[in-house]
2 protein chains.
Amino acid sequence: MELYATHKRLMAMTARTVPRLEDVARRAGVSTATVSRCLNEPQRLRAETRERVEAAIEALGYVPHFGGQALASNRTNTIGAIIPTMENAIFARGLQAVEETLAAAGVTLLLASSAYDPAREAEQARALLRRGVDGLLLIGAARPQATYDLIARHRRPLVLAWTLGPAAGAACVGFDNRKAARDLAALVLEHGHRDVAMIAGVTAWNDRAAARIAGVRDAMEARGLALAPERLVEAPYAIEAAERAFSDLMAPAARRPTAVICGNDVLAAGAIKAARAMGLRVPQDVSITGFDNLDLAEVVPPGVTTAKVPHRRMGRQAAETLLALRDGKRPPQFDALAVAIEVRGSLSHPPAR
Amino acid sequence: MELYATHKRLMAMTARTVPRLEDVARRAGVSTATVSRCLNEPQRLRAETRERVEAAIEALGYVPHFGGQALASNRTNTIGAIIPTMENAIFARGLQAVEETLAAAGVTLLLASSAYDPAREAEQARALLRRGVDGLLLIGAARPQATYDLIARHRRPLVLAWTLGPAAGAACVGFDNRKAARDLAALVLEHGHRDVAMIAGVTAWNDRAAARIAGVRDAMEARGLALAPERLVEAPYAIEAAERAFSDLMAPAARRPTAVICGNDVLAAGAIKAARAMGLRVPQDVSITGFDNLDLAEVVPPGVTTAKVPHRRMGRQAAETLLALRDGKRPPQFDALAVAIEVRGSLSHPPAR
DNA sequence: TCTTTTTGTGTAAGCGCTTACAATGAGGCT
DNA sequence: AGCCTCATTGTAAGCGCTTACACAAAAAGA
């Protein structure tokens with residue numbers, strides 16, 4: 001045993017470039033406990049002592065070792081988030097706000113992505129929990145119960161964003177996807193459209209996509225219309241998939257839909273691209289709507305009429321909720337975020353037959 | 001001391017939900033060392049023992065504690081990456097590839113963003129190093145020496161992506177921004193343009209943006225032309241900034257540029273939007289080019305002529321380099337990635353005067 | 001048969017930090 | 001003066017894991 005210790009000690013002597021708490025303590029002429037306190041509850045130290053320790057920290061360029069802290073304190077000042085994808089900008093803006101809010105509280109955000117795959121999500125959750133995250137942020141509420149159990153077993157607070165639930169014992173921060181989609185669809189119908197089709201996101205394990213379909217159905221049924229099965233296509237959130245979906249919807253020359261409601265702006269952009277390729281004018285020949293109000297929506301002519309999701313506010317609220325839960329406080333109670341409709345050129349009246 | 005230990009032990013008894021290595025060992029009837037070996041070098045165990053341990057791990061749902069591992073082994077199987085922004089898709093695709101490649105090797109990617117601010121980048125690097133990342137991936141080569149020193153002091157391998165250097169002792173994986181921009185500009189000039197302007201990214205601490213300007217200058221000078229100061233505007237990579245920049249460039253009614261080369265596709269999309277708003281047709285009245293070949297480029301009509309950066313390949317190579325360096329191997333030697341030009345509708349001949 | 005190796009497993013020391021409790025000394029009260 | 005409180009700092013146990021070395025048993029030589 002002695003030899004091992006000696007060996008390590010020697011290694012350390014020759015190889016150490018990163019100072020430890022003990023080095024700081026020695027230099028400042030205090031105990032390791034005092035240095036630790038200087039880091040964690042500086043107000044408990046006499047000003048003179050604190051200054052001495054801080055000087056030593058500064059001089060040595062000391063940075064506390066994360067693993068050591070995590071092990072000893074069982075806290076990491078880290079929040080983990082798993083988003084479905086980084087490929088398009090859907091979640092970027094919200095996450096940026098999460099990150100900023102957390103950073104202001106001295107908490108780091110660990111980001112992972114699941115590619116819309118619940119198994120991958122569970123795996124990532126496991127990895128994040130293993131890293132000792134103090135809390136977890138997930139998107140949406142649809143996932144296997146096992147994932148919820150996993151998180152509960154680790155006793156970590158969980159916040160779901162982009163949805164209002166129903167949540168298995170998790171806090172939700174978000175907006176009413178169904179209502180927003182209903183409002184948007186209602187607006188489309190008010191423009192006189194009766195032949196409406198929808199390119200939705202893939203609904204498997206995606207409650208937002210499903211809720212948006214439900215919202216569209218709501219609006220149509222309220223007017224005695226129905227969304228026929230052949231008028232509903234699911235497509236992954238990608239340009240190309242949307243192009244194909246749009247072509248499929250428009251294939252029957254007779255009774256083509258006059259409006260296509262898309263599950264998000266990426267789909268809408270793809271649909272518009274396909275329409276152009278088919279020689280259809282937007283909105284004269286076909287109206288198209290999106291969801292999210294990404295940059296894309298304002299750049300693609302004639303501008304995508306879309307639901308303006310308050311990403312940043314949602315991100316901030318999610319972060320605040322997580323911080324409160326982590327500290328054992330009751331989380332602030334937020335109202336469901338309002339989603340306005342941003343009207344742009346892609347929505348107009350149906351063409352006269 | 002006893003009391004403290006007892007207290008903790010009691011807490012543990014009542015509160016433990018997460019099993020430790022010791023619990024697995026007890027259940028499998030082996031020592032903790034054996035369980036640890038089963039995790040790290042399973043081939044060293046007798047098959048029968050290994051199975052018993054694995055069964056216990058499975059039964060208890062044991063997951064090794066990260067902090068404990070990190071502390072004891074001084075390795076984390078984690079690579080950190082700091083990208084300038086998540087707001088737009090510039091880095092998303094490349095990072096996705098990094099993540100996939102690392103995941104295949106059992107390594108987790110920790111992602112942070114710097115908002116193009118070198119101070120923030122250094123701060124994030126410190127945070128990642130503190131977390132014990134085994135290596136670091138940064139974008140571009142331009143940053144204060146202090147950041148390089150910080151990383152060197154921690155003895156962590158560093159890979160720079162999106163650039164070819166010059167790198168302060170770091171491996172570079174990327175492409176020649178200058179050459180790609182030169183090729184693109186040459187193509188513009190071949191179309192007959194002589195009045196060329198450029199909306200570049202902000203060059204402060206951004207060697208890619210600077211290299212692209214240099215490339216455009218190269219091409220122009222090779223034809224005896226120059227990029228006049230009033231024909232060069234820097235703008236952050238955002239739609240709105242690009243719109244303003246474009247308006248500024250087009251303000252003088254006389255001798256307006258006939259082509260605007262943009263530092264990336266986001267800028268190009270903004271420029272096209274502004275052009276439309278000004279009643280200018282693209283490409284009949286003005287040609288516009290981008291860089292990166294984002295989704296945006298194919299969706300915005302008439303399609304953005306752009307440099308096709310091989311993001312995914314670059315990401316994969318960066319990850320492979322990091323993994324090799326982490327294991328103390330010589331990194332594979334990659335050639336600079338080729339950047340092709342994707343010609344789309346936004347580039348044409350200058351209008352006849 | 002009696003060494004040598006090899007193989008598989010156990011023992012226990014630390015990794016760098018936090019924190020309960022102890023110790024000290026300075027004031028405050030009676 | 002004697003006792004108590006409070007503020008400040010020190011002491012040292014332990015967080016959950018890895019791993020050098022010890023040791024026993026099995027395999028391989030001699």
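Where in chain A is A:Trp205 found? Look in the loop between strand S6 (196-200) and helix H10 (207-222). Keep in mind that this is a predicted model.

- A:Trp205 has a phi near 55°, a positive value in a residue other than glycine.
- A:Trp205 counts as partly exposed because 19 other C-beta atoms sit within 10 Å, and buried would take 20 or more.
- A:Asp292 also isn't a glycine, and its phi is positive, near 120°.
- You'll find A:Asp292 in the loop between S9 and helix H13 (295-299) of chain A.
- With 28 other C-beta atoms within 10 Å, A:Asp292 is buried.

**Cis peptide bonds**
- In chain A, the bond from A:Val282 to A:Pro283 is cis, with omega near 10°.
- A:Pro283 sits in the loop between helix H12 (265-277) and strand S9 (287-289) of chain A.
- Over in chain B, B:Val282 and B:Pro283 are joined by a cis peptide bond with omega about 10°.
- B:Pro283 belongs to the loop between helix H12 (265-277) and strand S9 (287-289) of chain B.

**Helix H2 of chain A**
- Helix H2 (residues 21-28) has A:Leu21, A:Val24 and A:Ala28 as its buried residues.
- These residues span an arc of only 65° around the axis, so they end up on the same side of H2(A).
- The buried residues of H2(A) pack against helix H3 (32-40) and helix H4 (47-60) of chain A.
- Just past H2(A), A:Gly29 adopts a positive phi of about 70°.

Technical notes:
Residues numbered from 1 in each chain as written. Chains lettered and ligands numbered in written order. Predicted model: local features only at pLDDT ≥ 70, side-chain atom pairs only at ≥ 80, totals over all residues. Buried ≥ 20, exposed ≤ 12 C-beta atoms within 10 Å, placed from the backbone. Helix = DSSP H or I, 4+ residues; strand = E, 2+ residues; numbered from the N terminus. Arc of directions from axis to C-beta. Contact = placed C-beta atoms within 7 Å.
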